Amino acid sequence: MVMDDEHSKLLKLARYNRLFSCDSRSELASLLHVSPVFLTNILYIQKPENLYRSFNIPKKSGGIRQIEAPAESLKEIQSKLANLLLDCIDALNTIKGNDSNLTGSFNNTLSHGFSRKKSIITNAERHRNRKIILNTDIEDFFGSFNFGRVRGFFLKNRNFSLSENIATTIAQIACYNNALPQGSPCSPVISNLICHSMDVRLAKLAKRHSLYYTRYADDLTFSTNKRTLPSEIAIENGSRYEIGSVFQREIHRSGFSINHNKTRVNFKDSRQVITGLTVNKKINTHRNYWRLERSKCHYLFMTGDIPDDGSSTDLASKINRLHGRLNFIDTMDRHNRVNLSKIEQHLISHKSINGILKEDIEEILLGKENGKNSRTKKKLNSREETFSKFLFYKNFYNNQKPLIILEGKTDNIYIGCALERLFSHYKDLIKYDIKEKKYEKNIKLYEHTKRARYLLDIHAGADHLFEFVRQYDKRYSYYKAPIDNHPVILLLDNDTGPKAIINFLKNTLLKRSGIDPKNEDFVHICHNLYLVLTPLNKGRDTSMEDFFDKSVLGTTIKGKTFDPSNEKSTGTTYGKHVFSTEVVKKNKNTISFASFRPILDRVTAVINDYASKKSSS
């Protein structure tokens with residue numbers, strides 16, 4: 001991991017230096033990984049009005065917000081520009097050493113909107129449990145950044161000082177109707193760059209008066225544990241507060257205006273809200289927000305639909321929005337749980353204690369509030385239980401594509417590359433979009449994450465998937481919604497790894513049948529769940545790596561040879577992770593994946609078998 005971090009830092013430094021030395025549009029296009037012809041066509045051939053779609057969305061506070069959404073072609077360039085600038089910010093922080101918020105480092109605790117590793121949660125956390133909180137907004141935030149201001153920043157800012165040609169091109173990519181449009185992927189990062197000097201000055205002002213300051217896009221927040229706010233920041237005028245002269249002067253100096261209608265002060269004895277989150281004791285949403293999302297989940301589980309929320313009648317869109325809200329609530333709960341006692345933090349800081357891995361210690365502590373302190377048994381709280389049921393519903397009960405669960409990330413890479421190379425033989429599994437010049441899978445490869453492990457008991461590695469298989473029928477039977485799904489396929493190595501699963505099937509589903517899953521093309525376990533094992537080789541166990549040619553397996557990297565029994569590298573060997581990324585993925589166009597056809601044939605057979613079962617039921 002340390003090596004990966006260092007490699008990432010070097011890549012970002014290289015990208016920053018390349019931008020700094022860019023002098024032509026073609027050089028910038030190369031840095032953005034687009035063709036010069038494509039960039040020129042978007043900027044000079046296409047009409048700007050044809051590259052944006054305007055629509056309005058309602059604001060929570062009332063009124064409407066106009067969104068200028070770029071066309072996919074322009075959005076691609078803007079996204080790549082945003083990533084380039086974020087890499088430049090990381091590179092600058094590496095150069096400056098992240099020494100302080102107030103010495104020019106961009107990686108600070110001041111701006112939390114649209115920044116890497118920042119969110120409305122980290123923004124709110126800075127002001128949690130304070131006596132007084134002041135919130136206010138900048139008027140017409142994105143509209144305050146015109147073409148000249150954007151171009152001038154990249155020309156004159158000492159961290160960039162780009163050539164006129166490059167600064168102009170960046171402003172052309174970013175601006176529409178002489179402003180940074182809301183809806184563009186690069187508007188937030190550019191606005192953060194330009195606002196940095198204002199953030200530094202406001203942070204200095206806050207520090208002088210023992211206040212805390214943060215900004216989330218156009219939302220400015222000050223907080224304090226003192227009894228009153230200083231007059232430089234805010235002045236009480238009857239039943240309301242007005243922005244102080246010093247604070248207002250800094251805002252005007254930065255080229256902005258305050259939206260006085262959104263200026264408010266909240267004290268500790270009232271509900272304190274920052275960017276929609278309460279911050280009195282811990283970060284939270286309003287209880288009615290959670291109740292509404294929970295009721296939507298229950299309705300979905302029982303009926304297969306979600307009540308109309310006024311924004312769309314498309315069920316897939318409503319499910320995705322519900323997923324986003326549940327994920328946000330879950331992220332917030334996890335954030336709060338990180339605020340453990342010092343003893344608990346000390347435990348987590350150690351890699352292992354008495355043989356218990358760090359991640360298991362975290363799970364023990366995260367489950368502690370529910371009275372469970374076991375490595376193998378943990379009880380989810382009510383929010384986690386609902387989110388777990390939702391994830392099971394979306395991924396397994398009502399999956400919109402056949403889902404393949406492999407043993408880990410390396411196997412995902414193998415199968416993904418094999419599908420692309422063999423796509424002409426498996427057009428039901430994958431297709432190639434000639435216009436977009438990219439592959440689109442008709443199946444989904446399950447992505448193992450730490451959170452899924454916690455919520456769904458789906459662990460990487462065949463030996464860890466036993467509990468998922470054992471509980472599948474019980475979990476599946478909870479839902480009453482109409483079923484229109486696809487198979488869920490456990491695709492595992494045919495070795496000792498899935499021993500527990502195989503024995504379980506022999507003692508239940510296959511009892512007295514004499515069938516051995518190791519010799520079968522597939523086994524239908526229950527509902528839409530199937531087991532597929534890699535084909536045996538003359539009666540011998542196999543793993544995914546056995547289906548590569550010996551020449552591929554014999555690839556040396558910096559004098560090291562491949563050891564398929566290890567995920568990580570040693571002094572003389574490299575493991576599966578390096579093999580999957582540096583050998584297979586990088587050289588997929590020259591590697592033969594013909595030996596993977598028997599595996600993919602079994603996947604196709606499962607899909608056909610489930611389709612047949614659905615049509616006959």
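Visitor: Does Tyr-176 count as buried or exposed, at 13% relative accessibility?
Guide: This is a predicted model, in which local features need pLDDT of at least 70 and side-chain atom pairs count only at pLDDT 80 or more, while totals for chains, interfaces and linings use all residues. Residues are numbered from 1 along each chain as its sequence is written, and side-chain values use heavy atoms, with hydrogens and water left out. Buried means under 20% relative accessible area, exposed means over 50% and partly exposed lies in between, for a 1.4 Å probe and protein chains only. Because the relative accessibility of Tyr-176 is 13%, this residue counts as buried.

Visitor: With which residue does Tyr-176 form a stacked aromatic pair?
Guide: Rings of Phe, Tyr and Trp (its six-membered ring) pair if their centres lie within 6.5 Å, and planes under 30 degrees apart count as stacked, over 60 as edge-to-face and the rest as tilted. A search of the whole structure gives 45 aromatic pairs. In the stacked pair of Tyr-176, the rings are 4.1 Å centre to centre with 15° between the planes, and the partner is Tyr-52.

Visitor: How many residues apart in sequence are the parts that this pair ties together?
Guide: Helices (H or I, at least four residues) and strands (E, at least two) are DSSP runs, numbered from the N terminus. Tyr-52 lies in strand S1 (residues 52-58), whereas Tyr-176 lies in the loop between helix H7 (164-174) and helix H8 (187-208), so the parts are apart in sequence by 124 residues.

Visitor: What angle lies between the ring planes of Phe-392 and Tyr-472?
Guide: Phe-392 belongs to helix H14 and Tyr-472 to helix H17 (residues 466-476), 80 residues apart, and both residues are buried. Their aromatic pair is tilted, at 5.3 Å centre to centre, and the angle between the planes is 50°.

Visitor: How many of the 10 residues of helix H20 are buried?
Guide: Helix H20 spans residues 576-585 and is mostly covered. Among its buried residues are Val-578 and Phe-579, and the number of buried residues is seven.
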